[in-house]
Amino acid sequence: MNVLPWLTTILALVMALALLDQWRRRRQPFQLIWAIGMAFFGVAAGCEAVAATGGWNEALYQTWYLTGAVWTAGWLGLGTTVLLARTRFGYAVAFSMFLAGLFTLLTQVKENYPGAGVAPIVYFLVAAGLAVAIATATYFQDDRWPRLAAAGVVAASVLALVLMATTTLAAPYALDPATGQPVGTLFPGSLRLLTPFLNITGAFSLAFGALFSAYTFMPKRRVLEYSLDPRQPGDYFQFNLLIAPIALTVNFAASLPGAVRALIAGRLHSRVLATLLIAIGGFVASGGDALNRFGVTGPFAVAKFVSVVLLLWGFLASVDAFRDIRIPFTSIRFGPEREEPGPAT
């Protein structure tokens, strides 16, 4: 099993370099943010790989927790959020932000982490405030709403770094005795509670944002109609906002046969397949992290490897992310510059 963390590390860091190279040439913000997220993914996996070979130490354990448990999901999800800036996905981000704050508060009530202090209440209030601000900006069709989400992610990331810098760990480090996987129970509650705050919003944005993006670009069959036009009467808007998740789910399922036909005919937008792969990768990573959080650490390394393979495949499949496939920071590319296929019907 020691080989899996090394493979995961290599794939994640190569992916981070490739995204950074694409951002250097095209200057798309979501590419840079995804590159940062994949770099964190690779560093966390690298910590596990090094520890599997030579054992854990304090710096290694702290770096693993910071990059993997705290930062990765939040930054990958933020990249998808920025990609969807011109859509109404802000409502979903606002909901996930509020849910993350509520879950953070409830987690402390259930687990009573030592050293949490007033952090759960502060995290909840900040998350609720951001949720209201993002939803309001989305309602008024302000494409800058992802900046509010970015402010939350950056602030939480900086806070996590400060809290980690003031935390001293003493051996032995918290590991699952059966698998040797780290479980992160040594850290103070104020730091541990940042993981649901960032992971829920990040995983939600990465996975469900990918599905939303796939639906946006696939040939559609609308079984249930809805509208989020803010110019409609308030009660109509509230009703449509309530049924939107159901309508999107039903319409997505009804549109899949048409998407398959477009894929076979070579007319499917690249983002559809790409984002479906990214969504599956996000679900796999979140599943592994959730199991690890509840003490089931056996599938953790496998889940991370499968996740990075799916994310790599999804990113490379997207013409938006990669106009061409090349060795990063060189002029050596594999094939000509790619273009989107003609519109599907």
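A contact here means heavy atoms within 4.5 Å. With that in hand, here are some notes on this predicted model.

1. **Overall make-up.** The protein chain has eleven helices and zero strands. Reading along the sequence therefore gives the pattern α-α-α-α-α-α-α-α-α-α-α. Take contacts between residues at least 6 apart in sequence: 76% of these join residues at least 24 apart.

2. **Dimensions.** The C-alpha trace spans about 60 × 55 × 35 Å along its principal axes. For 345 residues, a compact globule would have a radius of gyration near 20 Å, and the 21 Å of the protein chain agrees with that. Of the 345 residues, 50% are buried.

3. **The second largest pocket.** Two or more lining residues come from each of α4 (90–111), α5 (119–139), α8 and α9 (234–264). Which element gives the most to this lining? It is α9, with seven residues.

4. By residue class, the lining of the second largest pocket divides into 21 nonpolar, two polar and one charged.

5. **S205, a serine worth a look.** S205 sits in helix α8, which covers residues 194–217. Is S205 buried or exposed? It counts as buried because its relative accessibility is 3%, and the cut-off for buried is under 20%. The S205 side chain makes a polar contact with the side chain of T81, at 3.3 Å. Leaving aside residues up to four places away in sequence, S205 touches G77, T80, T81, F89, V93 and A210.

6. **Two backbone angles to check.** Q141 is a residue other than glycine, yet its phi is positive, near 55°. Where is Q141 found? Look in the loop between α5 and α6 (145–165). F329 is not a glycine either, and it has a positive phi of about 65°. This phenylalanine lies in the segment after α11 (300–317). F329 counts as partly exposed because its relative accessibility is 41%, a value to set against the range between 20% and 50% that defines this class.

How values were computed. Residues are numbered from 1 along each chain as its sequence is written. This is a predicted model: local features need pLDDT of at least 70, side-chain atom pairs count only at pLDDT 80 or more; totals for chains, interfaces and linings use all residues. Side-chain values use heavy atoms; hydrogens and water are left out. Helices (H or I, at least four residues) and strands (E, at least two) are DSSP runs, numbered from the N terminus. Buried means under 20% relative accessible area, exposed over 50%, partly exposed in between (1.4 Å probe, protein chains only). A polar contact is a pair of N or O atoms within 3.5 Å; within protein, one must be able to donate a hydrogen and the other to accept it, and residues adjacent in sequence count only if both atoms are side-chain atoms. Ala, Val, Leu, Ile, Met, Phe, Trp, Tyr, Cys and Pro count as nonpolar, Asp, Glu, Lys and Arg as charged, and the others, Gly among them, as polar. The radius of gyration is taken over C-alpha atoms; the globule rule is 2.2 Å times the number of residues to the power 0.38.
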